[in-house]
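Dear colleague,

Please find the structure below, together with its sequence. My notes on it follow, arranged by topic.

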Amino acid sequence: MQEAAPFSLRSGTAALCHLAKLPVETWEAHFARAVALGFDAIVLEAGPRVMAPRDLTSIVACAASKRLGVILDLSSEYAEETLAAWGEAGVAGFCCRAAQHLPSGTWTRLITAVRARHQGTLFLAFTHGASPETIARLARCGFDAAASSSCWWDFRAGWLDEDATRVTALGAVIALPLPSGERKQRDAQEKRRALMLASHYAPLWMMEIGFATGLETEVTAVNARRRTEPDLFSGPPARLVSAPGAEIAVLTRGTMEGPGLVLAINPDLDHPAAMPASSVLPEIGGAGALVSMGERIETGAMIRLMPGEAKVFRFITAFPIRRASRGVALPPVERGAGERIAIEAVSPSVDGGQFPAKRIAGEMVRVEADLISDGHSRLAADLLWRPADEAEWERMPMVALDNDRYAASFPLARIGRYLFTIEAWHDHFASLLEDIAKKRKAGVPIALEVEEVIALIRAAEGKAYIEFLGALERATSEERLTLLAKPETLTLMRTVRREFLVRLEPALVLEAERPAAGFASWYELFPRSQSGDPMRHGTFADVAVRLSAIRAMGFDVLYFPPIHPIGRIHRKGRNNALNAEPDDPGSPYAIGSDEGGHDAIHPALGTLDDFRMLREQAAKEGIEIALDLAIQCAPDHPWVRAHPEWFEWRPDGSIRYAENPPKRYEDIVNIALYAPKAMPSLWNALRDVVRFWLDQGVRTFRVDNPHTKPLPFWEWLIEDIRARAPDAIFLAEAFTRPAMMHRLAKIGFSQSYTYFTWRNTKHELTSYFTELSQAPVADFFRPHLFVNTPDINSFFLQQGGRPAFLIRAALATTLSGLWGMYNGFELCEARALPGREEYLDSEKYEIRAWDWDRPGNIIAEIARLNQIRRANPALHSHRGLEFLNALDDALLYYAKTSRDGRNTLLVAVNLDPHRVVETEIEIPLWRFDIPDHASIGAEELMRTRPIVWHGKRQRIRLDPADLPFAIWRLEQPAGGAP
């Protein structure tokens with residue numbers, strides 16, 4: 001048997017060169033060229049063009065001598081014996097063209113049989129033209145990789161990520177610069193753009209040898225980079241972070257630790273393109289800059305590309321801002337006798353600046369204020385800002401709006417705390433010019449006023465003023481007026497004489513967090529129920545098996561209830577029974593036993609090393625692990641014995657168990673954060689628990705019942721943790737009074753549970769989300785919409801069947817940038833304890849085994865909703881929400897718009913799971929300044945079909961038995977207002 005070439009997919013990346021349609025006798029001559037271009041393997045056409053396997057041996061040997069693998073391109077069905085014989089000749093693998101034409105069972109048998117004889121044989125699937133259902137059926141056949149459809153992408157459409165999700169289910173993704181066999185002539189720039197996309201899009205790319213003609217330098221360079229920096233190219237394909245139809249298509253590749261490469265492409269081959277970096281930086285990584293060949297693009301700058309240009313950037317993460325005390329003093333400013341200028345109604349501002357407003361790193365923050373003064377003098381104002389760990393202030397002139405309102409924006413280039421303030425003054429120069437214009441129009445002499453202006457300029461110091469004064473002195477009277485009225489003159493002179501200067505003090509505070517604080521899709525599961533066998537305790541290894549399915553549904557955060565040892569004293573039995581059977585696992589919220597406490601792992605789940613390994617595997621899938629921080633103990637927690645002073649003891653020597661009437665938790669005792677001997681030892685111990693999990697790579701914590709612990713404790717803890725890990729995220733699970741929920745958000749919690757679960761009617765949803773999506777609440781409170789939890793099985797889900805689950809999923813995924821679900825929701829699990837919003841046979845008290853293919857599931861719909869979320873920036877925040885008119889009270893109809901106004905979605909949800917809604921809606925043509933009778937294009941996103949609406953009024957029909965909601969993306973009309 002011929003020794004196979006040293007080629008495999010172990011490194012995670014590969015470059016394949018296809019000798020398409022070339023005579024067999026020329027193959028060996030092209031090997032040297034393929035090596036020079038930097039390819040790892042040669043793809044040769046099988047069938048009549050391939051010699052007998054015994055003759056193929058010499059070709060494989062020649063390729064192997066040049067460190068090239070050989071892959072055969074199968075254009076039809078071949079028998080196991082034929083493939084095995086080619087394997088004997090040393091072939092590394094097979095490209096399986098039109099793989100959808102063979103049944104999945106046939107592929108499974110064929111691949112299994114060939115690998116039994118040649119273990120490392122690769123099978124690469126090409127399924128172009130196949131339906132999503134057909135591709136899904138091939139997902140478990142054993143393919144190593146599959147070809148994407150990226151070569152057909154027009155750099156504008158939004159289907160690229162959807163295609164990647166389907167293909168990834170088969171294996172690693174292969175990208176092509178051109179569709180197979182295409183012979184259309186393309187110009188050099190179009191070819192270069194196709195090359196850049198294919199070679200940077202996926203871990204594998206394949207190019208026909210003839211495509212390299214004229215692009216040898218570029219092909220060699222990109223293959224060299226792929227070989228020397230494999231970590232940048234391995235893993236999932238690039239993710240589209242720009243909105244569909246954007247002026248520039250932006251894709252990013254990387255891991256949870258960093259986005260790595262960023263590819264920006266101009267879709268237009270005839271015209272240059274530009275786009276604000278702030279449109280995509282929050283989607284890439286937030287805090288950082290795009291760097292390429294000496295060019296550095298930060299928040300506030302523009303990405304600019306020539307016609308058809310494709311440019312590769314590295315995303316360079318900015319250092320987080322070091323924590324500093326609030327209210328850092330500003331230098332003194334000049335003041336008049338009393339402040340003639342009032343600075344009022346500043347936004348964003350939370351409780352007058354007592355707490356930080358919240359934003360996402362990479363955004364531009366718009367600051368507005370009312371500036372009010374007596375008299376007729378013109379006002380000027382500057383917005384001042386700086387990171388809390390920098391001393392120098394940056395400035396931006398504020399622009400006058402209507403009714404004494406002024407505005408300016410500043411960039412959030414780093415994660416952490418920013419300070420900002422406003423300075424305002426009487427602009428003496430602008431006031432004089434305004435008087436001159438009025439008097440000139442009225443025919444009043446202005447010579448004296450002009451001399452006043454010149455005297456003001458003469459008193460200024462600096463080269464620019466001297467040069468401008470010289471130009472004025474050489475000009476005629478009419479020319480002087482023209483020079484003085486120029487906008488650049490006003491800019492030059494606006495700070496020369498700042499009369500009655502005032503400053504907003506103290507400075508306001510803003511917290512810039514990483515993108516996952518505002519946009520994420522959470523999936524909750526109990527690790528112990530992932531074995532598939534209710535009689536076997538699941539492990540972290542079992543969870544790892546589920547990662548690909550969780551990612552295929554589009555989730556990027558995997559949240560575990562407590563994973564610590566579970567107490568045995570008063571352990572609960574199934575369905576919260578007071579007496580547990582010997583094999584009952586107990587509630588994971590009863591934390592602590594002889595095996596350890598909050599910094600230990602339940603032994604049946606695995607070891608700490610197993611947890612770290614799972615976290616790393618999840619990161620490779622683009623999933624972050626979130627842990628539960630539950631500050632409570634089982635009666636046999638080690639702290640109860642070691643630190644009795646941390647607990648409140650009753651007169652009979654017992655500890656009161658936890659209660660939330662009518663719920664009782666006999667297996668849990670609460671700590672006493674204000675017990676006489678609990679400070680600072682208990683506070684420090686709890687802080688050290690969080691620090692311990694930080695050391696294990698965890699950055700996201702869901703906090704159980706934070707409203708039952710002192711507010712000063714949380715403010716202190718979060719501040720301490722963010723001094724070490726500025727990217728830490730805390731989710732408050734506080735189903736309590738609105739004022740307390742708001743206060744927790746103000747003191748540092750990044751995200752908050754909401755009343756969403758109990759808001760079901762049109763009026764309830766409209767009023768609640770109007771409040772959450774607008775200032776002042778939207779400036780500090782980020783709503784996290786969980787559709788269910790292990791504790792909450794709502795009556796709506798219990799009574800509404802499959803349509804109810806689709807309704808709640810549609811609402812949660814489109815009303816906020818943050819949503820979550822507890823496993824079983826995708827299976828429409830709603831069995832409940834009679835008369836209660838609790839699950840029957842709850843996983844809180846027993847190990848479950850789930851049938852993930854259960855009939856009637858909504859896995860496909862959830863995956864599509866998450867794809868729509870990721871592709872549309874309008875859904876990346878709770879902001880940008882506007883409820884629109886719909887005549888039926890069962891229809892909730894609203895628009896979501898992205899920060900930059902370039903992405904607008906319409907969402908219609910039938911809130912009644914039992915009846916069809918057919919009614920009229922209004923398309924908001926007014927948003928684009930087009931008349932009511934105009935036409936506008938849109939795409940219906942759940943079914944990916946284009947439509948054109950003629951006129952403002954349209955009739956829709958939503959059937960719960962089919963799909964009780966619809967989502968449309970509006971096309972931006974040419975010349976329409978963003």
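I begin with Ser 279, which sits in the loop between strand 12 (273-276) and helix 10 (281-284). Please bear in mind throughout that this is a predicted model. Ser 279 is buried, its relative accessible area being 10%. Its side chain makes a polar contact of 2.7 Å with the side chain of Asp 900. Once neighbours within four places in sequence are set aside, the residues in contact with Ser 279 are Arg 899, Asp 900 and Arg 902.

Eight strands make up an open sheet with parallel pairing, in the order 34-33-32-29-28-27-36-35. At its edges are strand 34 (751-752) and strand 35 (784-786), each of which pairs on one side only. Strand 27 (residues 520-524) and strand 28 (residues 557-560) run parallel and are joined by three bridges; Glu 524 has Tyr 559 in strand 28 as its bridge partner. Two helices that pack on this sheet deserve mention. Helix 16 (residues 540-552) touches strand 27 and strand 28, and its direction makes about 145° with that of strand 28. Helix 17 (residues 608-620) touches strand 28 and strand 29 (624-629), with an angle of about 135° between its direction and that of strand 29.

Some backbone details also call for attention. Most residues other than glycine have a negative phi, and most peptide bonds are trans. Against that background, the peptide bond from Ser 347 to Pro 348 is cis, with omega near 0°; Pro 348 is placed in the loop between strand 17 (341-347) and strand 18 (357-360). Glu 505 and Pro 506 are likewise joined by a cis peptide bond, with omega about -5°, and Pro 506 belongs to the loop between strand 25 (498-503) and strand 26 (508-513).

Positive phi values occur at Met 293, about 50°, and at Phe 500, about 55°; neither residue is a glycine. Met 293 is in the loop between strand 13 (288-292) and strand 14 (295-297) and is exposed, with a relative accessible area of 84%. Phe 500, by contrast, lies in strand 25 and is partly exposed at 29% relative accessibility.

Finally, the cysteines. The structure contains zero disulfides. For Cys 62, the nearest cysteine sulfur is that of Cys 17, 14 Å away. The sulfur of Cys 141 is 10 Å from the closest cysteine sulfur, in Cys 96, and is therefore too far for a bond. Cys 62 is buried, with a relative accessible area of 15%, and Cys 141 is buried at 4%.

With kind regards

Conventions. Residues are numbered from 1 along each chain as its sequence is written. This is a predicted model: local features need pLDDT of at least 70, side-chain atom pairs count only at pLDDT 80 or more; totals for chains, interfaces and linings use all residues. Side-chain values use heavy atoms; hydrogens and water are left out. A disulfide is a pair of cysteine sulfur atoms within 2.5 Å. Buried means under 20% relative accessible area, exposed over 50%, partly exposed in between (1.4 Å probe, protein chains only). Two strands pair if DSSP finds at least two bridges between them. Helices (H or I, at least four residues) and strands (E, at least two) are DSSP runs, numbered from the N terminus. Contact means heavy atoms within 4.5 Å. Axes are lines fitted to C-alpha atoms, for helices over the stretch in contact, and angles run from 0 to 180 degrees between N-to-C directions. A polar contact is a pair of N or O atoms within 3.5 Å; within protein, one must be able to donate a hydrogen and the other to accept it, and residues adjacent in sequence count only if both atoms are side-chain atoms.
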